[in-house]
Amino acid sequence: MAHYYMEPSRTFSEFLLVPNLTTKECNPSNVSLKTPIVKYKKGEKPAYALNIPFSSAVMQAVSDDRMAVALARAGGISFIFGSQTVEGQAEMVRKAKSYKAGFVVSRSNLTPQHTLKDVLELKERTGHSTVAITSDGSPKGRLLGIVTGRDYRISRDSQSKSVSEFMTPFEKLVYGKSGITLSEANDLIWDHKLNCLPVVDSEGNLDTLVFRKDYDEHKENPHELLDTNKSYIVGAGINTKDYEQRVPALVSAGVDVLVIDSSDGYSEWQKDTIGYVKSNFDVKIGAGNVVDREGFLYLVEAGADFIKVGIGGGSICITREQKGIGRGQASALIEVAAARDEYFERTGVYVPICSDGGIVHDYHITLALAMGADFVMMGRYFARFDESPTRKLKVGNNFVKEFWGEGSNRARNWERYDTGGKAGLMFEEGVDSYVPYAGSLQENLNKTLHKIKSTMCNCGSLTLAELQRNARITLVSATSIVEGGAHDVILKENTITGE
């Protein structure tokens, strides 16, 4: 006989937080949102921890290298989408990892024999305005000069003009020597009013570059998520089909954390994928998605470093509608969080969980964290911003951005859903849509984070651990949901004036 869950499958909108005592210390400026992203043993620290509990979804319409940089700069992590070629995804990881690194290995290099046309083509391809000129055009060749946008004028200089004619030659450069500290390099940059400082070895070969913009950005973004080399921490999504080709390329590109992207992660394919990664590479990997205790424990025993929770709750996901599987996000999260805590008590190993889907309002994020999520993954939220990879369009009188699910025909991501059959989608589990354009990530994110911190203060909590331990959560009735919004008033419209 089938097993029945007689308790209704509940969503975040069916719950509210009940305030605790707000002490004088409970000020949003005192709240820490730092949270683990990978498993660790009791008494130890995790290898990676987020400064804000946010990750962007493994989606074509959300997470590319630009989003990875923008979110890591704010303190979160982006998982670059895997429904593309192995080479394309690895290059996105490589771009994000090299964007901010303190000492940067030059990725735009030419020889003195190249031309202005070559410089412009390289700039168009890479987006880099600084080009190192070396004897052999390699990033480690003998440094002969530097080319920046100040060295040429497109309107006056011929594109056939040789680089040797307009580059700033080595003898006129201010440079550092290998072994210089980042602090010393930044002092040279400031003392000489430089935008870029090349660092060379004793033989005059180019070692690395240090950029002024990296120093400025670090001061403006104190919560940015960096590895030990001062590079942004970057994640990437993989599937259970081509992982033997994809994972080595991503690891070579410098990826920090992997996640298996699937609508249903309770499968032997995920166990095999985790086993392959753990046996061959020193890289962290998350798995999922699951909605119950059994699925959580299966993937944890397989070796997963974190678990994603949620099936069918995404704004563009129609898995429940198409296949009749899934669970209300709140119910799923509550059960998996309890299983996580039991596992920690029994083994001394804490496995973080990520709530993926079901977020409609900002307060749902706080509820998810209070219910036990260590961090949340969102697609629609981030798809609205300038930093997402989709087009901004004007539909009627409103600006929107395109947003489609990985289960839609547009994504062509059959590896995410296929269970061993033909290479194609027999039916869709996602839709193609628009979301209202919202502007820059940072501006919107700051507002959301302030809401979360403010709510945590209402709950008498200064850390996420305190919130999970002390939160009081109540079910709400349909009537009280109506009561919670504006009611029994005539709302003013923007078109109404006082004249």
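Colleague: Is Lys97 buried or exposed, and at what relative accessibility?

Modeller: In this predicted model, the cut-off for calling a residue buried is under 20% relative accessible area. Lys97 therefore counts as buried, since its relative accessibility is 10%.

Colleague: Which side chain meets that of Lys97 in a salt bridge, and how many residues apart in sequence are the parts that the pair ties together?

Modeller: The side chain of Lys97 meets that of Asp256 in a salt bridge, at 2.8 Å from N to O.

Colleague: Why does Asp256 count as buried?

Modeller: A residue is taken as buried when its relative accessible area is under 20%. Asp256 counts as buried because its relative accessibility is 7%.

Colleague: With which residue does Lys278 form a salt bridge, and what is the relative accessibility of that partner?

Modeller: Lys278, in helix H8 (residues 268-280), is linked to a residue in the loop between helix H9 (293-302) and strand E17 (306-309), 27 residues apart. Lys278 itself is partly exposed, with a relative accessible area of 33%. Its salt-bridge partner, with the closest N and O atoms 2.6 Å apart, is Asp305, which counts as buried at a relative accessibility of 1%.

Colleague: Where does Glu402 lie, and which residue forms a salt bridge with Glu402?

Modeller: Glu402 lies in strand E22 (residues 398-404), and its partner is in the loop between helix H13 (380-383) and strand E21 (392-395), so the pair ties together parts that are 11 residues apart in sequence. Glu402 is buried, with a relative accessible area of 6%. The closest N and O atoms of the salt bridge are 2.9 Å apart, and the residue that forms it with Glu402 is Arg391.

Colleague: How many salt bridges does the structure hold?

Modeller: Besides pairs such as Lys278 with Asp305, there is a network of salt bridges that links Glu7, Arg10 and Glu14. For the structure, the number of salt bridges is 17.

Colleague: Which residue in E12 is the bridge partner of Gly176?

Modeller: An open sheet of 3 strands has the order E11-E12-E13, with mixed pairing, and its edge strands are E11 (176-177) and E13 (206-211). Strand E12 (residues 196-200) runs parallel to E11, and 2 bridges join them. In E12, the bridge partner of Gly176 is Val199.

Colleague: At about what angle to E13 does helix H5 run?

Modeller: Helix H5 (residues 182-191) lies across E11, E12 and E13, and its angle to E13 is about 65°.

Note on methods: Residues numbered from 1 in each chain as written. Predicted model: local features only at pLDDT ≥ 70, side-chain atom pairs only at ≥ 80, totals over all residues. Heavy atoms only, no water. Pairing = 2+ DSSP bridges. Helix = DSSP H or I, 4+ residues; strand = E, 2+ residues; numbered from the N terminus. Contact = heavy atoms within 4.5 Å. Axes fitted to C-alpha atoms, helices over the stretch in contact; angles between N-to-C directions. Salt bridge = Lys/Arg side-chain N within 4 Å of Asp/Glu carboxyl O. Buried < 20%, exposed > 50% of the residue type's maximum accessible area, 1.4 Å probe, protein only.
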